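Good morning, and thank you for coming.

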Amino acid sequence: MGRLWCCLLVFLLPVVFCVDFREGSRQSSRSLSFFARSSQLGQHLIATRSVGHKVHKRSADQTGDNCNALQGYQSKLADNTHSYSFNDLSGSVSLAWVGDGTGVVLALTTFQVPLFMLRFGQSKLYRSENYGKSFQDVTDLINNTFIQTEFGIAIGPENSGKVILTGDVTGTLGSRIFLSKNFGNSFSHVDLPFHPMVQIMYNPHNPDVLVVISNKHDLWLSENFGSNWRMIHSTVCLVKWGIDNTLFFTTNLNGSCYDRGVLVLKKTSDYGKTTKTIGEKIYSFGIGGRFLFASVMTGNGNTRMIHVSVDQGESWNIAQLPAVGHEQFYSILATNNDMVFMHVDEPGDTGYGTIYVSDDRGTVYSKSLERHLYTTTGGETDFTNVTSLRGVFITSVLAEDGSVQSVVSFDQGGEWVPLQKPLNSQCDSTAADKEKCSLHIHASYSTSMKLNVPMLPLTEPNAVGLILAHGSVGDAISVMTPDVYVSDDGGYSWQKALVGPHHYAILDSGGLLVAVEHSNEAIATIKFSTDEGQCWHEYNFTAEPIYFTGLASEPGARSMNVSIWGYRESILSQYWVSITIDFRELLTRDCQDGDYVQWLAHSDDISDPSDGCMLGYKEKFLRLRKDSVCWNGRDYTVNKQHTPCPCTLDDFLCDFGYYRAENSSECLEQPDLKGHVKEFCLHGKKEQLQTHGYRKIPGDKCEGGTQPERKVIDLSRNCVSDLIDPELLRDSQPSSSAPIIATVIAILVISIAAGVLFVKKYVCGGRFLVHRYSVLQHNAEVNGIEGVDEPLDTNVATSAKIEFHDDSDEDLLE
């Protein structure tokens, strides 16, 4: 893309389709950007047990003439290849799919030139009703208004058909928005009494309700799809939708969002008519699954701890995690309704930390992986949720010799192991032993280091077991040009699929893979596979090559259409080109029952009654045969059958105060906690934990078998967290009884003395011996200016880059 004097950017901003880090959930948007050292194995700490799987390929590799079985596709694809040129000045283009299976695509081209402190430019809006095969110029629907590309095209949730464009109108007190309720077929406009600071947010449960923060940090809300707006709170820093139409937001009584640790967390369940303060001393907050998280400053103001609520902030529990200082940060890597993956940064500028996994309350955490790579300079982590198979995660560790190595967990963080070496690959120069090495996956860290990696790992929940990723084979990630590797069994086994870096996409629920080589030269060829990446075919889609910028396909991996975006240039001009290929005619028949074969996940031997048990049950899937060239269709659903398994130690995490030695299933008590009584303070009642070191993995569904004893004993004694609001401790019922008063005073004196001894022994001693649960401190709101904080953008699914402050790293809670 160096040939374009303007930077070319394509955003794909679809409806609610693709999967984010929450198991079984979907994120609101996905965007792709198109712009045009050797190391040796080091020691790293992996909390792991032996895997015990000797996985074979799901079906035999196709070689020789088998890869030539697909014939006559050139003419079929040529008849279904459609090209469209955008003959206007366009420095960038944004794409958005409107609705599920509607075929409606909006393309917004924008050209702008900054001049002194002003900005001049033009926008054009195009609309397609056939998945991008042709477009119609509908710029007149937005009155030729310049659209602010930083806000993109805001598409309503599900199949609502709603679209919002934010325009820049000079000489007005506010922005102008263009609204469509019919999939972009027509637009109306509304002049806002403010300028948005961020993109307008839909209520995920009611797309008529919109909310946005203005550039003056006021929170505005509309209940009639933008026709009327009202300000519901001043100087708001960050806002997020929760469940049941609840809005959570932070403010600051001092009027500044940059005063970290003094923010106030509030919520409203009636669209701002009333608000309730649910926390103070807030550093940052986020929402994941059913959990509400808040990073809270401790009493001395030098450290902060994570608090968790499962009742929308009505009560809070302190997460049993190490406190972090100003130079450290927390990051929620993944969460669902059962558990949380939390990264805790190490002190100092180390570039790594420790992954902890929680219980089902999000409060008790066990150490999962040490030396987890998470750079403090660029905020990059390779943590990847493999959405195509339950319980699988891939990430990188920073070895003691400074090398970066990939590890995988198949049981939701219970164990981490290296990835197997692909059978059709040789160990590279990073391998000390050319016969023993492993696959290492390139992800966000590699892209941040400017390696030749055009795409992150790709998985889709309806393409069972499939993973496409760039990688290298050796003892560590290599700076040499990567190749594309494919796994068809959720990461247990791999094969080299394509030589060199490529852009790739999954179509037809995994029945079709497409790829385009990443090159600085003009290209004219696309590659595709109908057997999960074993055999690849090439098709020349144009006689006039284009400078390629990226692939675009409808999110959800169900479409049969893929668009190849790029540009052509002449002596005097450059212009965008979209070439869309419809592969439907290539797959001439619908898939039938005989085209599917039964496959047991996490297994290599179906005849073994205990094989395939993972997180307490087996999953059998019906998957398309590799040699079946047929169409799954848009209505395809994943067919799976569950069978419970008897419990073993592999179904349990180590309990608080215990750890697993490498290559062992046994949980051992941490030496520094040995012999100490482990007590809880749960909602004002002291309880004692008695455990043999194990607790069941959240979401594990095993039955019977091994059941390590674990119980919590009510000690029938009151306790108070040091973060409970003092106002809550005051006696609101006056009494004239002197004996009662004397008794209360005596109890308070004893409690204070015990508290001093407790703090001295356990807190000041640096031991995490006590679960501390509390309600966040909150006071009656006083009149005055309220404040604002920076958005905490932690999109794990897209591995978005996070910007850190030099003096204080932000907690990445999402």
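The link of Cys67 and Cys535 is left-handed, with -65° about the S-S bond. A disulfide here is a pair of cysteine sulfur atoms within 2.5 Å, and this one has an S to S distance of 1.9 Å. Please note that this is a predicted model, in which local features need pLDDT of at least 70 and side-chain atom pairs count only at pLDDT 80 or more, while totals for chains, interfaces and linings use all residues. Residues are numbered from 1 along each chain as its sequence is written, and side-chain values use heavy atoms, with hydrogens and water left out.

Where do Cys67 and Cys535 lie in the chain? Cys67 is in the loop between strand 1 (10-12) and helix 1, and Cys535 is in the loop between strand 36 and strand 37 (537-540), 468 residues apart. Helices (H or I, at least four residues) and strands (E, at least two) are DSSP runs, numbered from the N terminus. Cys535 counts as buried, at 3% relative accessibility; buried means under 20% relative accessible area, exposed over 50%, and partly exposed in between, with a 1.4 Å probe and protein chains only.

How many disulfides does the structure hold? There are six. Among them is Cys613 to Cys645, with S to S 2.1 Å. The torsion about its S-S bond is about -90°, so this disulfide is left-handed. Cys613 is partly exposed at 27%, whereas Cys645 is buried at 2%.

I turn now to the aromatic rings. The whole structure contains 22 aromatic pairs. Rings of Phe, Tyr and Trp (its six-membered ring) pair if their centres lie within 6.5 Å; planes under 30 degrees apart count as stacked, over 60 as edge-to-face and the rest as tilted. One of the pairs is Tyr73 with Phe528: the centres are 5.2 Å apart and the planes at 85°, so it is edge-to-face. This pair also links distant parts of the chain, with Tyr73 in helix 1 (residues 73-78) and Phe528 in strand 36 (residues 525-529), 455 residues apart. Tyr73 is buried at 13%, and Phe528 is buried at 0%.

Finally, two arginines lie over rings. A charge sits over a ring if NZ of Lys or CZ of Arg is within 6 Å of the ring centre and within 35 degrees of the ring normal. Arg390 lies over the face of Tyr617, 3.8 Å from the ring centre, and the charged end of Arg623 sits over Trp599, 4.5 Å from its centre.
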